[in-house]
Structures are given as C-alpha cells and as structure tokens.
Amino acid sequence: NMDEDITIINESTRYEKIKNFFINNKNKLITIIVILILLLCGYFFYKDLEKKNKVKLSNKYNTATADFIAGNKSKVENDLIEIVNKKDTAYSPLALYFLVDNKIINERKKINELFDIVINETSLEKEIKNLIIYKKALYNSDFETENNLIKMLKPITSSESIWKSHGLYLLGEYFYSKNEKQKSKDFFSQIISLENSNSDIKIEAQKRLNRDFSE
C-alpha cells in the first residue's frame, strides 16, 4: 500500500531529523541542561539559606526581647540595631518598634536613621511601609517643625493609603497643640469627607470638631 509506505518514509525521515538535531546540537543541549540544573540548585540553596537566616533572626529577636524583659539590657540595643540593619521584611520593623516603644535609644537622630533604613532600604509591602512612615511621624511629632512633619507624612496624606486618616488626624492634633485652630480644623474636616477613613478615627475627628470647633 503506497499510503502506508509514504507514512513509514515520513516517520523515518522525521526520526532522522530529530536524531541529527540532537547529534548536531549535543554540546549546546548539554550546556543548557547543566545551566538549568545549576539554576535550580542555586534557587533551592538560596531558599534554604533564606529560611536559615530567618530562623537566626527570629532567635536573635526573641533572645533580645527576653533579655530586656529579664533586665539584662547590655546587649539588647546592639542586637536589635543589627536586626534592623539586616533589612528583613518581618524582623527589622519589629526590632525598630521594640527599640522605640521601650525607649532603648534616646538619640532621636539614631532612631530616625533606623526608621529610614526600614522605610527606604527594606522591601516592604506598600501599606506596611506607609504604617512605618506614620510611626516615624508620630515619633517626631513632639520635635519637628510643621513643614517637616507635613513633608514626612506626604507619602500617606497625598495617596489613598489606609493610613491616610491616621496621618491627617496626627496633623490635626499637632496644629491644635500649636493653637493653630483653623489648620487643625481643616485636617479633621478632611477625615470626615474621606470615603475610606478608618471608622474609629472618623468618629474621633467628628468628636473633636463638635467639641472644640463648634460655633
């Protein structure tokens, strides 16, 4: 049967072409396979290393906080600063919060440098980064000039961040404490008009407007 013969010839030709392709490109194919294997091994090695480093940071953070609670504070500051400098997405912010909340470092410049490492050099999700910007502004609100505080909060207050109402409330309180009541009222009013304001912040802003700014 001629059709069967043609099919056999075509299959034989196809097989020869595939065979010749592999023979002619043997070195290239071996190189590609070796590269893929190396990339795969490198990926798993990196992931394993990343996991081990995360465990080390976790242990270091837990030991430092336990030492602080136990009253053994000699190494706590350096250990927590070291964790911040690792630029880890989880433990660097936690270490910074612990330093700030427990007033372990009294130098404002040093604390702000640590804030900047976490904000500018650590790969954080957008809203986590915005939260830390807010915390930095909150930390500086007793010391900074109004222009610097507004500039510090601008990434939040000029966006649709979930922390926008918190930033506006901080500015409202800041200007109220400076007895600049019109500016303060403007910020509290912005919170009321925001669609995605935090509900608790919105209630507090409305209370402030009713209590302190009602005619």
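## Stop one: two helices side by side

Start by selecting α7 and α8, which are roughly antiparallel to each other (angles under 35 degrees count as roughly parallel, over 145 as roughly antiparallel, 65 to 115 as roughly perpendicular and the rest as oblique). Before going on, know that this is a predicted model, where local features need pLDDT of at least 70 and side-chain atom pairs count only at pLDDT 80 or more, while totals for chains, interfaces and linings use all residues. Residues are numbered from 1 along each chain as its sequence is written, and side-chain values use heavy atoms, with hydrogens and water left out.

Helix α7 covers residues 146–157 and helix α8 residues 164–177; their axes cross at roughly 165° and come within 9 Å. Helices here are DSSP runs (H or I, at least four residues), numbered from the N terminus. The axes are lines fitted to C-alpha atoms over the stretch in contact, and angles run from 0 to 180 degrees between N-to-C directions. The crossing of α7 and α8 is left-handed, that is, the near helix is turned anticlockwise from the far one by less than a right angle.

Now show side chains. On the α7 side, pick Glu-146, Leu-149, Ile-150, Leu-153, Ile-156 and Thr-157; they meet Lys-164, Gly-167, Leu-168, Leu-170, Leu-171, Tyr-174 and Phe-175 in α8. Sorted by class, this contact has 9 nonpolar, 2 polar and 2 charged residues (Ala, Val, Leu, Ile, Met, Phe, Trp, Tyr, Cys and Pro count as nonpolar, Asp, Glu, Lys and Arg as charged, and the others, Gly among them, as polar).

Zoom in on Thr-157 in helix α7. Is Thr-157 buried or exposed? It counts as buried, at 18% relative accessibility (buried means under 20% relative accessible area, exposed over 50%, partly exposed in between, with a 1.4 Å probe and protein chains only). Leaving aside neighbours within four places in sequence, Thr-157 is in contact (heavy atoms within 4.5 Å) with Lys-164, Gly-167, Leu-168 and Leu-171.

## Stop two: another helix pair

Next, select helix α3 (residues 76–85) and helix α5 (residues 108–121), which pack with axes 9 Å apart at an angle of about 30°. That makes α3 and α5 roughly parallel to each other. To see the contact, pick Glu-77, Ile-81, Val-84 and Asn-85 of α3, then Lys-110, Leu-114, Ile-117 and Val-118 of α5. By class, those residues are 5 nonpolar, 1 polar and 2 charged.

## Stop three: rings

How many aromatic pairs does the structure hold? There are 11, counting rings of Phe, Tyr and Trp (its six-membered ring) with centres within 6.5 Å; planes under 30 degrees apart count as stacked, over 60 as edge-to-face and the rest as tilted. Select Tyr-61 and Phe-98: this pair is edge-to-face, 6.5 Å centre to centre with 80° between the planes. Tyr-61 sits in helix α2 (residues 26–70) and Phe-98 in helix α4 (residues 91–101), so the pair ties together parts 37 residues apart in sequence. Both Tyr-61 and Phe-98 are buried.

## Last stop: positive phi

Finally, go to the loop between α3 and α4 and find Lys-87. Lys-87 has a positive phi of about 55°, although it is not a glycine, and counts as partly exposed at 36% relative accessibility. Then hop to Asn-179, in the loop between α8 and α9 (181–193). Asn-179 is not a glycine, yet has a positive phi of about 65°; at 57% relative accessibility, Asn-179 counts as exposed.
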